[in-house]
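Student: Could we go through this model together, pockets to begin with and then helix packing and the backbone?
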Amino acid sequence: MEIKNIIFDFGGVLMDWNPRYFFKDYFKDDEKMEYFLEHIAQDEWNIEQDRGRSLAEGTAIQIKKFPEWEKEIKAYYDNWTVMLKSDIPHHVAILRKLANTDYHLFGLTNWSAETFPYALENYDFFQLFDGKIVVSGTEKLIKPDPKIWHILLERYNLQAGESVFIDDNPKNIEAARSLGFHTIQINPDTDLKQELTDLGVKL
């Protein structure tokens, strides 16, 4: 089946986001920082905001659990923009090339509905998607729940077999593959252009 659609995850694919970009200077102690990110402001907590819980509620819940870390927990979303360090230039360059072809571009991201508008306003390449972006925080669903891919397919009338899904998370790749998508998993050494070419995408 001919590929017509290219679907991008954002964090780790087009955007370089990491809480360490802020907390490294905040703590000036890597051991303490890693403890905080593993046990207090861990991924499982942050992902609930990506699932649609408000930042205020998420912050309050964690402060109640860990009152001695109140200052650090509040600092997490107060300094979220510092954690969004930059775009990932070599992948954005490929996105820009794809925008000049007949392929249709889509976004499917686990991202808080409250913080995503900042990225949208500050990085012009998001305009290349023409608003065809499914955001987990808005939908109240997160990858790897298959339902979020079904929203994408139904909303834009797509066929999984005509679509390439690009993500850095192996669980998301596995879920997409099980739904019939062609997939590319981004690792530090991935040559995205070559991977797309291997799937028959002409750049």
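This is a predicted model: local features need pLDDT of at least 70, side-chain atom pairs count only at pLDDT 80 or more; totals for chains, interfaces and linings use all residues.

Student: OK, how much space lies in the largest pocket?
Tutor: About 1000 Å³ of space lies there, and the lining takes in 35 residues, with Trp-17, Asp-43, Asn-46, Ile-47 and Asp-50 nearest the centre of the pocket.

Student: And which elements give two or more residues to that lining?
Tutor: They are strand E2 (15–17) together with the helices H2 (30–40), H3 (43–50), H5 (70–78) and H11 (170–178); H3 supplies the largest share, which is five residues.

Student: How does the lining divide into nonpolar, polar and charged?
Tutor: In the largest pocket there are 13 nonpolar, 11 polar and 11 charged residues.

Student: What about the second largest pocket, what lines that one?
Tutor: Its space comes to about 180 Å³, and the residues lining it are Gly-12, Ile-88, His-90, His-91, Asp-168, Ile-186, Asn-187, Pro-188 and Thr-190. By class, that lining has three nonpolar residues, five polar ones and one charged one.

Student: Switching to packing, how do H1 and H5 cross?
Tutor: The axes of helix H1 (residues 20–27) and helix H5 come within 10 Å and cross at roughly 145°, and the crossing is right-handed.

Student: Which residues meet there?
Tutor: From H1 there are Phe-22, Phe-23, Tyr-26 and Phe-27, and these meet Lys-71, Glu-72, Ala-75 and Tyr-76 of H5. The contact of H1 with H5 therefore counts, when nonpolar is taken to include Ala, Phe and Tyr and charged to include Lys and Glu, six nonpolar and two charged residues, with no polar ones.

Student: How many aromatic pairs does a search of the whole structure find?
Tutor: The search finds 28.

Student: Last topic, the backbone: where is the cis peptide bond?
Tutor: The cis bond joins Lys-143 and Pro-144, with omega at about 10°, and Pro-144 is placed in the loop between helix H9 (136–139) and helix H10 (146–155).

Student: What is phi of Lys-140?
Tutor: Lys-140 has a phi near 60°, a positive value in a residue other than glycine, and Lys-140 is also located in the loop between H9 and H10.

Key
Residues are numbered from 1 along each chain as its sequence is written. Side-chain values use heavy atoms; hydrogens and water are left out. On a 1 Å grid over the protein atoms alone, a cavity is a set of points where a 1.4 Å probe fits but cannot get out, and a pocket is an open set with protein on both sides within 12 Å along at least five of seven lines; lining residues have an atom within 4 Å of a point. Grid points are joined across faces, edges and corners, and a volume is the space filled by probe spheres set on the points. Helices (H or I, at least four residues) and strands (E, at least two) are DSSP runs, numbered from the N terminus. Axes are lines fitted to C-alpha atoms, for helices over the stretch in contact, and angles run from 0 to 180 degrees between N-to-C directions. A crossing is left-handed if the near helix is turned anticlockwise from the far one by less than a right angle, and right-handed if clockwise. Contact means heavy atoms within 4.5 Å. Rings of Phe, Tyr and Trp (its six-membered ring) pair if their centres lie within 6.5 Å; planes under 30 degrees apart count as stacked, over 60 as edge-to-face and the rest as tilted.
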